[in-house]
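Grab a pencil and work through these exercises one at a time. Try each task yourself before you read its solution.

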Amino acid sequence: MAPFAFFEHFGEAQGVTDRVRLIQQDHQGYLWCVVPAKGLLRFDGVSFQAYSSDPEDPYSLSNIEDMLVDHKGLIWLATRTGMVCLDPVSGRFSNVASRTSDGFFRLLEDHNHRVWAATVGEELAYFDPQRDSIVIWKSKHSQDGYTGQPFPENQFGGLDCLIETADGTLWFDINNRTEYGVAAIDPRREVLLHFPFQGFLKNLPKSQTSIPLAMALFSDEKNKCLWMGGYGPGLLKFSTETHVWKSYDLNPPRQNDPLNNFIYDIQSKNDSTLWLATETGMKVFSTSQRHWTGFNPHPSQAWEAQKAQYLAIFRDQAGTTWFGTDKGLSRLDPYRQQFPKNATLPDGFQAQAIAEHAPTGERLFAGWNDDGYFWVFAQHLLTGKIRQAKQLLHFLPYDVASVHQIYIAPDGRIWVLLNRGIGWLDPATLRLTIPDLPIANNPDCRTPNLWPRQITADAEGNLWIATFGNGIVRYTPSNGQFWRPAELPIFPGGEKCEFNECLYSVFCDPVGKIFFGEVGTGLEIWDRPQKTRALFAPKAKNNRSFGGIVTKCIVPDASGNLWFGTETGICRYLPDAPPDSAFERVKGFQETVFRIVSDGQGRLWLSTPKGLICYDPRLNIWKKFGEKEGMVLPINEYTPLFCGNDGEIWLGSELHFNPSNIVLHPPAATPLITGFKIYDRALSLPTPTEQNGQQVFPEIRLSPDQEVFSVEIGTLGFTAPEETRLLYRLRPDDPWQEAGAQRTFTFNRLPGGRYRFELKATGANGVENGRTAVLPLLVMPAFYRTVWFWLLCLGAVGAGLYALFRYREIQRLRQEHLRLRIARDLHDEVGSTLSSISILSASALHGVQKDLDKARFGNIGDKARAALDSISDIVWSVNPENDSMEKALARMSAYASEMLENMGAELHFEVGNGVESLSLPMEKRKDFYLIFKEAIHNCAKYARAKQVWVAVKKEDNVLIMSIKDDGIGFEMGNTEPGARSLGGNGLRNMRSRAAALGAELQIESAVGSGATVLIKIPMK
């Protein structure tokens, strides 16, 4: 039988358009393949990227003969035109200097990190770092390894294979058309030993060609030998200790096809098995048993090995094995090899029920085939010895040939439940006996007519059988009778009815409850001690109701929980909960569950039509194993699921596994930052460094004109990379976001500052792999977005405002100086002149005799004094020292006191709160004072008042001044000359000044009632 293997294939649809001849892995983890039509392909687990040393010539690497990844991580490429070295991090190619004009064919790095190369001209060369060039190696002497005689002058010849053993010896093949074999070089002694096998060739079978051109050489350190293959000789073994040759023909029995012996590559599968890449497919050779098996591809099974020419084999760092074929690339992922078919029973037998019989120490497999034969195999658990038996079963033609259960009863009897009928199995002869017994309380039914589905025992040792069509049947071992319950408990609603006649499953708990898994009605619980029954069915929008209407199985786990498999998944019984919420459904899948077993870790394993499911109740996580996970065994309702006493789980007789060794979720792939673009122009990313599990790139600085940029991401991993989830963020404080299928992120006009584009990966179960890719970014903002620009603008505005303030202050000071100068000039020049006139007119009056002259001089004095008063008012108003309201109030009070005192009137001058802190400009102060002066003048000259009240106060933002007297008053409409009226110049002057102030002026008076002048000035 061919070994089980779940292959994944990558061909033209995935970007591998031709044969894959060579496979290597670099230090970053990328897989590199040599494809003649493409040159080099790099694979990250998801996509392939083509590389070429000459961007103008896509086929410049099409003649690669060998590939090597050295200890520094550089990739050496041997071509027929020279040696090329590739730095996989930067993607830069460089030609390696050589002191030979030949091309190169094979590469090897020894344990001293010296790179060796076999030339096309059949010479051995190595790279000399001191000369920075490849130089030809010369041996001191060459001899036959068997005889010690000098070997012919043509000392190499061929050099198709090159390998190093653990002791540092270099081995290569001999192929000089006259001698075939292997040669050994000790580089320290520089001695060349030849081990030809010319005589050995005569003993090869006819199916093995007589021209053994070597293509593969593998060192088997455990067996101290070399394995060699090539064009025709089959598999050859050369002992490095005894120097003895052996051959193994790879032809199938009774066939003679030389192509089966064409071997292109040899690699170790394990310590005792080799992978052989041959012309006719992949073969597995057992070095201990000395025989081989091949894969027989099936066109309908995409996961099987391809029918192809296999050229290369490579095992990567994670244990995944890769195969290069003429149809592309294939992969064997260990994660997908966890459920190998490992049947030990004869081909064609399909077990339908499994059990373990402790008294005989055997595992029992039973199946009823379509041919009518009932088969039983008994395999001893320790020795593996197998017994078998078959017998012909005669039932009705429409009976389904199936076995539902093998049950070991408490008394040791082995029960077998057929699709129709129930019997006992003899452990010695493995023969089945089907009794023909009546069913109590149902005389029309006998045991051969039962359709049993499941059997279980209660605490008293009675057996309860769930049947399809006859409900529940009890078997009492003490009297050997089958019996149906006659008296049934009444349902809570008072209804009395029989149990459902169609049952799939049954279970008895330790306290006497019996659980019936019914068809169409869900689950029924019969509490025998309490003599009660309860029926449970799913209810809409109630996740605490029962899970389905068809209960396939009922199974307890190691913790004592009771689980039910239905057509919509599984649910758990909660015995202490109220009846309307007595079950807990498992969310996440709604598959039909055929069978359930519990492993030693408390996990449940479920067989479903779409695969095997593992559910962990403690973590509330589940995993489905289908074809993508390598679980390719088809599952139906007849496929048994069984957990043995050794903890192994059997799925049918073809597949069994240890659940503790199963990896539920593959590790997350490594997150990668793969590219960086500014607008649409790609930039080379700098080389990253490792910092505490992070792959950190040097900071990239972006100028203001590079405001649109893109970051390209990917993953690196070969174990189920489709289950990896990528998360990213731009700032350390940002929440992580799902990348989904997006692999390019474009950012536009980011504010200036430092950013850290971070990328991490999690597996399907949410567990991170501990690695993060980090790309620091420094975004330089445009000058108009920088802080210094706004500070400069703020400073400029501040300087402008300060300049304006200083300008206005200078202008104000200039105005004050001007006002002071005007006041001094008026006071010194005009005021002194008018004062002199007034004094001279007064002096002249003393000597004037005539009344006319006195009147004239008196008039001159009055006019001069009036002008002097006006000049004094003007000087007072212009002087900036009098801008405060306090100075104005003092002048007003002094003027009113002097004026009214001479007339015998009493002045009452009141100033309200906040008035003295006010300030009136020069123009307004002058008009305000002159209105007041005019009003006081009227009180003193015309009113004959005894009392005058002056009040100045502030209300809200208004200055209010009122002047009231108790004089004779006047008639508001009387404007005759000489009458006490303000209708003349006095009133007009007051109103014009009030208008200039923007104030409201009110004058009230009546004859004999005094007068009131009120002015309201708004203050801004």
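**Exercise 1.** How many aromatic pairs does the count come to?

*Solution.* Start with the ground rules. This is a predicted model, where local features need pLDDT of at least 70, side-chain atom pairs count only at pLDDT 80 or more, and totals for chains, interfaces and linings use all residues. Residues are numbered from 1 along each chain as its sequence is written, and side-chain values use heavy atoms, with hydrogens and water left out.

Next, the pairing rule: rings of Phe, Tyr and Trp (its six-membered ring) pair if their centres lie within 6.5 Å; planes under 30 degrees apart are stacked, over 60 edge-to-face, and the rest tilted. Apply that and you get 59 aromatic pairs.

**Exercise 2.** Describe the pair Trp-116 and Tyr-126, and work out which parts it ties together.

*Solution.* First, the geometry: the centres are 5.5 Å apart with 50 degrees between the planes, so by the cut-offs this pair is tilted.

Second, the location. Strands here are DSSP runs (E, at least two residues), numbered from the N terminus. Trp-116 belongs to strand β11 (residues 115-119) and Tyr-126 to strand β12 (residues 124-128), so the pair ties together parts 10 residues apart in sequence.

Third, the surroundings. Buried means under 20% relative accessible area, exposed over 50%, and partly exposed in between (1.4 Å probe, protein chains only). Trp-116 is buried at 0%, and Tyr-126 also counts as buried, at 16%.

**Exercise 3.** Now do it again for Tyr-728 and Phe-757.

*Solution.* These rings are stacked, 6.1 Å centre to centre and 20 degrees between the planes. Tyr-728 sits in strand β65 (residues 725-729) and Phe-757 in strand β68 (residues 753-762), so to speak distant parts of the chain, 29 residues apart. Tyr-728 is buried at 13% relative accessibility, and Phe-757 is buried at 0%.

**Exercise 4.** Which rings have the charged end of Arg-114 or Arg-413 over them?

*Solution.* Check the rule: NZ of Lys or CZ of Arg must be within 6 Å of the ring centre and within 35 degrees of the ring normal. Arg-114 sits over Tyr-126, 4.3 Å from the ring centre. Arg-413 does likewise over Trp-424, at 3.9 Å.

**Exercise 5.** What is the strand order in the open sheet of 4 strands, and which are its edge strands?

*Solution.* Two strands pair if DSSP finds at least two bridges between them. The order reads β48-β49-β50-β51, with antiparallel pairing. The edge strands, each pairing on one side only, are β48 (551-556) and β51 (583-585).
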